[in-house]
Amino acid sequence: DAAGRRVVELVAAPGTHEFLPGLATPTWGYGGLPFGGPTVRARRGEEVVLRVTNRLPETTTTHWHGATLPARADGGPHQPIPPGGTWEASWRLDQPAATLWYHPHPHGRTERHVHRGLCGLFLVDDDVPVDLPARYGVDDVPLVLTDRSFTPDGAFDEQHRNAVGLLGDTVLVNSTVAPYLDVTTTRVRLRVLNASPARSYRVVLDDETPLTLVGTDGGLLPAPRVVDGVVLTPGERAEVVVDLVPGRRRVLRSVSHDLGAVNGVTRAAGAHDSFDLLELRPAPRLEPSPPLPARLSREAPLAEAAAARTRRFTLSHDRINGLAMDMTRVDEVVPVAATEIWEFTNRHTLPHNMHVHDARMQVLERGVPAAERPWKDTVAVPPARTVRALVRVGPHADPEVPYMLHCHLLRHEDDGMMLQFLVV
Ligand code: C2O
Ligand code: CU
Ligand code: CU
C-alpha cells in the first residue's frame, strides 16, 4: 500500500473442484481458489498486513506456519475468525528466506478445515543474493503435496481414519491428480510442502539418481547437499534442485520408507505406499541454469553452549507430558529470543512429529557438525526415540497470548496433543 506495507487479502470460502473426471468435489479454499490458496510472498524487512475474511459456515483461524511473529498475529486457536468476520495480522517480517505456509488452526477442528482444502504457501525472500533458480513457476516451482480419498459421489472421504489420521489413496499435487511440468531449463528448484493431515512421503527420483537438497523448513542450508531422497512428515518442507537432460522425462515419486516404527505401524501409517508425484518433461532444448553456489545460507548456527536450559516433552499416544491441550492453561514460559534445548521423547509405538510456533530449530544429531544443521520448525519423533533440538524463539514478548507446540499429525493435534507456551 501507500505506506510501503505488503497487504494481502485472503477470503476463505466454500467451493467445488473437479479432481476426478466428471465429479464435483465440495471444497474449501482461500483467495477465490476452490481448494488450497494463493502463494503469499513477502520480503524480509517488510511490514506485512494479512487480512483474512471468513465466508465459511464455521469459525476458523489462519496460522502462518514457520513465521517468527507476535503471538497475536500467529493465527492459532486464540485468534478465531467467526463466519462473516475479518481478522488482520501484521508484523515486520524478520527471518531468512524460507518456504513457509499457512493453514487453519481452530482448536479441535484443524484436520477438518485443512482436509477441506485450506492451505497455501508463504514464501519469504531476503536480500542475500543466492544463485538458485528463482523464476516462480518456471524454474522455482512449489509442490504442495496432500492426499485424499473420495466417496463414490466425489466428496472427500472424511470418515475412514486410523490411528495416524486421515490417509488418502490419491495424491494431489497443487490440487492436481497426476500432474506434469514442462521444463525449459537444465535445473529446477522444487519447493515441496507436505500439507497432508497424516501421511509422510519419501521424495525420490524414479531413476534413483540423487537430488540436491538446498533448503528445509526454516530456510536454506549452509551448502547444497546431495541426497538419495527426502522424508517429509506432515508440515515439513524441503527445497530440492533437480538436474535435467533435454527430452528425458523423469518422475518425482514418493516411495516406501521407514518411520522408525514396527512394520505394522509403518504400514498403517501409509509409509509403505508409493505414488508418482510429478512428471518432469524437459523440452528438446534447455536453457542452461547457472551452477549451484557452493555456499547458500551464511547464517550462524545456534550455539549449544548458549542454550540457557533444557525442557523435556514426553509423548504418549495423544498426550504431551501427560497433558491434553487446555486453552486456559499455560504450560511453559520462555524468555524472549531465548535459545534452549527442547527434548522430545516418544514413548509410544505411533510416529509423531513436533512443531513449535514462533521458533526456528536445529536438531542436535551425533556426527552432524553445527555448521551443517538444517533449520527446522517441525521434526519427526519416531517411536522409542528422543530428539534433541536447539530451539530459538522469536523477539516478540506477550505476557498474555500463548503460542502452540504440538504434533502435526492433525488428528493428534485435534485430540489434544498440543501445549501452550508464553514468550515473555
Ligand atoms: Cu502448521 Cu500449529 O501448525
Ligand atoms: Cu505453526
Ligand atoms: Cu502425533
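The legends below describe close-up views of a predicted model.

**Figure 1. Division of the chain into domains in the predicted model.** Between the C-alpha centres of domain 2 and domain 3 the distance is 25 Å.

**Figure 2. Contact between domain 2 and domain 3.** On the domain 2 side 23 residues take part, and these meet 21 residues of domain 3. Strands β11 (165–166) and β18 (219–227) each contribute at least two residues to the side of domain 2 that touches domain 3. The greatest contribution to this side comes from β18, with three residues. Sorted by class, the side of domain 2 facing this contact holds 13 nonpolar, seven polar and three charged residues.

**Figure 3. Leu145 in the largest nonpolar core.** This core comprises 103 residues, of which Leu143, Leu145, Val192 and Val240 touch the most other members. When residues up to four places away in sequence are set aside, Leu145 touches Val171, Val173, Val192, Leu193, Asn194, Ala195, Ser196, Tyr201 and Leu277.

**Figure 4. An open sheet of five strands.** The strands follow the order β24-β31-β30-β26-β28, and their pairing is mixed. Strands β24 (332–334) and β28 (378–381) form the edges; each has a single partner strand, so one side of each lacks a neighbour in the sheet. On average, neighbouring strands of this sheet are turned by 30° against each other, direction ignored.

**Figure 5. Pairing of β30 with β31.** Strand β30 (residues 398–407) and strand β31 (residues 418–423) run antiparallel and are joined by five bridges. Within this pair, Met404 has Gln420 of β31 as its bridge partner. In general, strands of a sheet pair through backbone hydrogen bonds, in either a parallel or an antiparallel manner.

**Figure 6. Asp358, a residue with positive phi.** Most residues other than glycine have a negative phi. Asp358 is not a glycine, yet its phi is positive, near 60°. The residue occupies the loop between β26 (352–356) and β27 (359–364).

**Figure 7. Ala384, a residue with positive phi.** Ala384 is likewise not a glycine and has a positive phi of about 60°. Its place is the loop between β28 and β29 (386–393). Ala384 counts as partly exposed, because it has 13 C-beta neighbours inside 10 Å.

Definitions and conventions. Residues are numbered from 1 along each chain as its sequence is written. Chains are lettered from A and ligands numbered from 1 in the order in which they are written. This is a predicted model: local features need pLDDT of at least 70, side-chain atom pairs count only at pLDDT 80 or more; totals for chains, interfaces and linings use all residues. Domain bounds come from an automatic or database domain assignment. Two residues are in contact if their C-beta atoms, placed from the backbone, lie within 7 Å. Helices (H or I, at least four residues) and strands (E, at least two) are DSSP runs, numbered from the N terminus. Ala, Val, Leu, Ile, Met, Phe, Trp, Tyr, Cys and Pro count as nonpolar, Asp, Glu, Lys and Arg as charged, and the others, Gly among them, as polar. A nonpolar core is a set of buried Ala, Val, Leu, Ile, Met, Phe, Trp, Tyr and Cys residues joined through C-beta atoms within 7 Å. A residue is buried if 20 or more other C-beta atoms lie within 10 Å of its own, exposed if 12 or fewer, and partly exposed in between; C-beta atoms are placed from the backbone. Two strands pair if DSSP finds at least two bridges between them. Axes are lines fitted to C-alpha atoms, for helices over the stretch in contact, and angles run from 0 to 180 degrees between N-to-C directions.
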